[in-house]
Amino acid sequence: MSEGTINRRTLLTLGTAAAAGGLLALPAEARAASRTAAGARRGAATWENVIEKSSFSSTTAFAQEWNHGYPWGDTHNGAARMLDSKVSLSGGVLTLTATRLSAPDGQSASPPHAPLWYHSGAVHAKEPIVIDDQFPEYDIEGEFRTQTGLGIWPAFWTTGIAPDWPPESDLLEYVGDSTNLFNTWTKEAGENDPAERHELSGHDPGTWHRYRLWMEKDGDDVILDYYFDHGEYDGWKVTHRGVGWAGIPQYLIMNLQMGSWASGIDQDDELWGQQPGPSGDTTFQARNVWVGRTRNW
């Protein structure tokens with residue numbers, strides 16, 4: 001969900017290999033060894049919960065762990081303005097609802113400055129994620145279901161706190177269709193580039209699925225293991241490397257963005273002013289979201 005200086009619509013048409021940007025996933029032997037070592041560490045390490053699975057159980061629990069909106073305001077790189085009223089809690093489930101307006105509510109302050117045809121919702125964790133010597137491992141997971149299709153852009157993601165972008169990790173991101181994108185954004189050769197991407201399809205995003213990211217410090221880098229509908233290890237899908245990520249604080253964000261590249265258009269398209277997408281309400285839901293980490297005292 002980065003705003004960067006790139007055209008994400010173009011990048012999203014690339015195949016996984018073409019979008020790899022020169023950083024290769026770890027070899028199978030290294031991945032297996034890494035997960036085995038992680039299991040041993042987890043058995044002996046001191047883990048602490050950063051966000052409890054009960055944080056969506058009440059407004060009081062929510063307020064202890066989360067803030068409304070984006071960390072920087074109420075707009076980003078799509079066609080929706082984020083409002084507190086579009087975030088609701090019921091039965092341990094958080095729901096973000098996007099509603100089409102009869103006329104645009106201004107224009108986004110962030111590139112590509114889309115006209116704001118939607119009111120929607122976003123939340124972000126109060127405590128940043130920092131993978132460093134004190135907190136060398138993080139686990140982030142949750143269960144989600146979302147509507148998908150033209151103009152719909154839900155995401156559950158981390159992003160570096162300004163001025164540090166990248167890093168960015170997209171645990172869940174559907175951009176105008178039903179293919180989830182596991183993205184690891186990093187700076188490669190001085191350019192903003194999605195260093196590694198893994199596309200996941202063949203499932204129904206409208207039913208509940210588990211998404212998980214395990215992050216571990218590796219020198220100046222961070223190793224990222226992405227999981228989908230997993231047990232402890234069997235849901236592993238891909239491993240990426242966040243080059244130079246160690247020590248950089250990141251926000252954790254859940255949002256229901258709309259329009260922009262999810263509408264299959266850019267600023268030069270004749271439909272840019274209309275931001276094609278759903279005419280009624282669209283929802284993105286989450287439950288049992290949890291963040292844990294190891295601590296070296």
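Modeller: We'll start with the overall picture and then go through the salt bridges.

Colleague: Anything to know before we start?
Modeller: This is a predicted model, so local features need pLDDT of at least 70, side-chain atom pairs count only at pLDDT 80 or more, and totals for chains, interfaces and linings use all residues. Residues are numbered from 1 along each chain as its sequence is written, and side-chain values use heavy atoms, with hydrogens and water left out.

Colleague: How many helices and strands?
Modeller: The protein has 3 helices and 17 strands. Both are DSSP runs numbered from the N terminus: helices are H or I with at least four residues, strands are E with at least two.

Colleague: What share of the residues is buried?
Modeller: Of the 297 residues, 55% are buried. Buried means under 20% relative accessible area, exposed means over 50%, and partly exposed is in between (1.4 Å probe, protein chains only).

Colleague: And the surface?
Modeller: The accessible surface is about 11,600 Å², and 49% of that belongs to carbon and sulfur atoms. The areas come from the Shrake-Rupley method with a 1.4 Å probe; for residues, only the protein chains shown count as cover.

Colleague: What about contacts along the chain?
Modeller: Take the contacts with a separation of 6 or more: 71% of them join residues 24 or more positions apart. A contact means heavy atoms within 4.5 Å.

Colleague: New topic. How many salt bridges are there?
Modeller: The whole structure has 12. Each is a side-chain nitrogen of Lys or Arg within 4 Å of a carboxyl oxygen of Asp or Glu.

Colleague: Which residue pairs with R81?
Modeller: D105, at 2.7 Å, N to O. R81 is in strand β3, while D105 is in the loop between β5 and β6, 24 residues apart.

Colleague: Is R81 buried or exposed?
Modeller: R81 counts as buried at 18% relative accessibility. D105 is partly exposed at 28%.

Colleague: What does R287 meet?
Modeller: E143, in a salt bridge of 2.8 Å, N to O. R287 lies in strand β17 and E143 in strand β8, so the pair ties together parts 144 residues apart in sequence. E143 is buried at 17%, and R287 is partly exposed at 28%.

Colleague: And R241?
Modeller: R241 meets D221 at 3.1 Å, N to O. R241 is in strand β15 and D221 in strand β14, so this pair ties together parts 20 residues apart in sequence. D221 is buried at 16%.

Colleague: Which residues form a network?
Modeller: E48, E127, R293 and R295 are linked by salt bridges.
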